[in-house]
Amino acid sequence: MRTRLFVAAVVIQALVLLGWAADLEWTLARAPRIRLAVAQRDPRDLLRGTYVDLRFEIQEIPATMLTPGALPEPGDSIWVILAPKGDVYGVVAVSRTPPTLEPDQRVIAGRARWFASGVSRPLYVEYGIEHYYVPETAGTVPRGKLEAEVAVTRNGRPFLTRLFVDGRPYP
Amino acid sequence: MAPSFAHRLRDEAPRWVRDGVISAQQAEAILARYPASAAWFSRPIGIFSLLGGALLVAATALLVAHNWHEIPRWIKLGGLVTLMLAAYAAGLGIRARGYDKLAAGLFVLGGGLVLVGIALIGQIYNLSGRQSDAVLLWWVLILPAGYLLPSIPVVVLGWLGASAWYVLLLFDRSTLGRDVHYDPPLGLVAVAAAGALTWALGVLHGDGEYRRVRQFGEQIGLLAVGGALLPLGIFGDRVWWTSAPAPRWPIAVLALLALAVLVLVVAPVRLPPDRLAVRLGPSAALLLVVLYLFVAVIALATRAPAGTFRLLGWIDWALLFGVALSLILYGARWDRTSWINWGIVWIGADALARYIELFGSMLQTSALFFVTGIFVLLLGWALERLRRRMTARAAAFQRTP
């Protein structure tokens, strides 16, 4: 009996891993893609291999977009409303609750991390797409205008799908 | 690995002769019939098999590594899940043949591959969320499997995962670490509270098939409680308190303290049979620690005056000494040598900390090192004598019917 229960527990482990991946595949397949401008990059994760650590322009929310009386604390959920600004999407508004969007807008959900120092104190937000894993043989990202293709679901969950350097896919 | 039949015969035969089951001549005849063979790994075929297997594994690993990004993601994940299931299945099969240690190794490998699977999904889909969430998923998945089998190494691996998850939370400013960031001593309070909880959870495993988990939980718990109470003893120093307004009540730390109280109250049920007042003793000692931690949280959250923290520091010294003493006495009573050892370590560390705190600013550095060296040697000698005496008493107590 205990062996059967053990086998059931092991099967659950396998199902969780496979089911999680299937859910991600399903969500990715249905999410529309947008492009975001990347401000900085930096490499490497010991456990998961070589990656490019990205810092997006939309991660810094200007203080003027925040409601003074209801500033978020680290860990609070944030919905950032994006709209096309040239080739990429940029921040147009911020909400503490899931917002209603205009036709050309997209929403991306993240978590408040900290307020940067300085007089204007912009808010730094993390979206969970800051790492892009690349082959070890790919070398460092070449210099040039770096952009990221991100699939964003209707409720704002983002998935980093590709990187572009000067408009060409990397690696 | 289980000993072979021939090796077991060599162990058992002298006892059979001594007990009069068989004669010495019969024992020799039986042993001659089953000559002991050399260990499998010392035979040439064993060595060649090991070498060949290692080369094959290395070649496969290199092949996979060189083509990693060309391998379709479902093949990667499927391969890893297959490896994980194979490790568990091989563990079950080998355990059925009596090779318990090898089976335990395979179960641990299976449990480790679950974590690799979680990391792989993170890599494939470029997920970079909270690391604590990945570790949480891992230990929640493997712990039930460990208990169900039972496989003590997998259970211990799961508890180590839970400990790592808790430490990650303490450093994560978007979770428990938010309160710790504003009030660093809260980190020590949270560690001590988790230690008391872990000790009580360890005790709840009893002396049956989960005895090793009990020992592990108790040791980890006592390490955490002692490791946190020691620095909290210098609460009186201005480093540990601030007059800045507290941002909010640390609800998560208070909830953890409440949970620790609950489990500490239940824990005596699984302690060895004894008078009720005696069985309540160890939990009562750690409940005092939890009460102290609760007062410390209130003092931090209300930004109490400096004198309060100085008083808390003195109480911490006394508490550390008192709980250590009770651990030694109860450890001797119930033959729990790890309690005795940790009690001795606590007393030694407490004495050393108090000594340095007292004389650190009064002596020049070289004189301080010299006198402290002598103090540490004498303290170590005295504590070792105490430990041996208590351990011997515990053993004698157990031998008495």
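1. In this predicted model, helices α9(B) and α10(B) cross with a left-handed sense.

2. The residues that form the contact of α9(B) with α10(B) comprise 19 nonpolar, six polar and two charged.

3. Chain A has its own secondary structure, which consists of one helix and 11 strands.

4. Chain A contains 171 residues, of which 26% count as buried. Among the contacts in chain A with a separation of 6 or more, 59% are accounted for by residues 24 or more positions apart.

5. The two chains also touch one another. On the side of chain B, 28 residues are in contact with chain A, and 30 residues of chain A take part in return. Three helices of chain B, namely α4 (73-96), α5 (100-124) and α6 (131-148), each supply at least two residues of the side that touches chain A.

6. Which classes of residue make up the side of chain B that touches chain A? This side has 17 nonpolar residues, together with nine polar and two charged ones.

Notes:
Residues are numbered from 1 along each chain as its sequence is written. Chains are lettered from A and ligands numbered from 1 in the order in which they are written. This is a predicted model: local features need pLDDT of at least 70, side-chain atom pairs count only at pLDDT 80 or more; totals for chains, interfaces and linings use all residues. Two residues are in contact if their C-beta atoms, placed from the backbone, lie within 7 Å. Helices (H or I, at least four residues) and strands (E, at least two) are DSSP runs, numbered from the N terminus. Ala, Val, Leu, Ile, Met, Phe, Trp, Tyr, Cys and Pro count as nonpolar, Asp, Glu, Lys and Arg as charged, and the others, Gly among them, as polar. A residue is buried if 20 or more other C-beta atoms lie within 10 Å of its own, exposed if 12 or fewer, and partly exposed in between; C-beta atoms are placed from the backbone. A crossing is left-handed if the near helix is turned anticlockwise from the far one by less than a right angle, and right-handed if clockwise.
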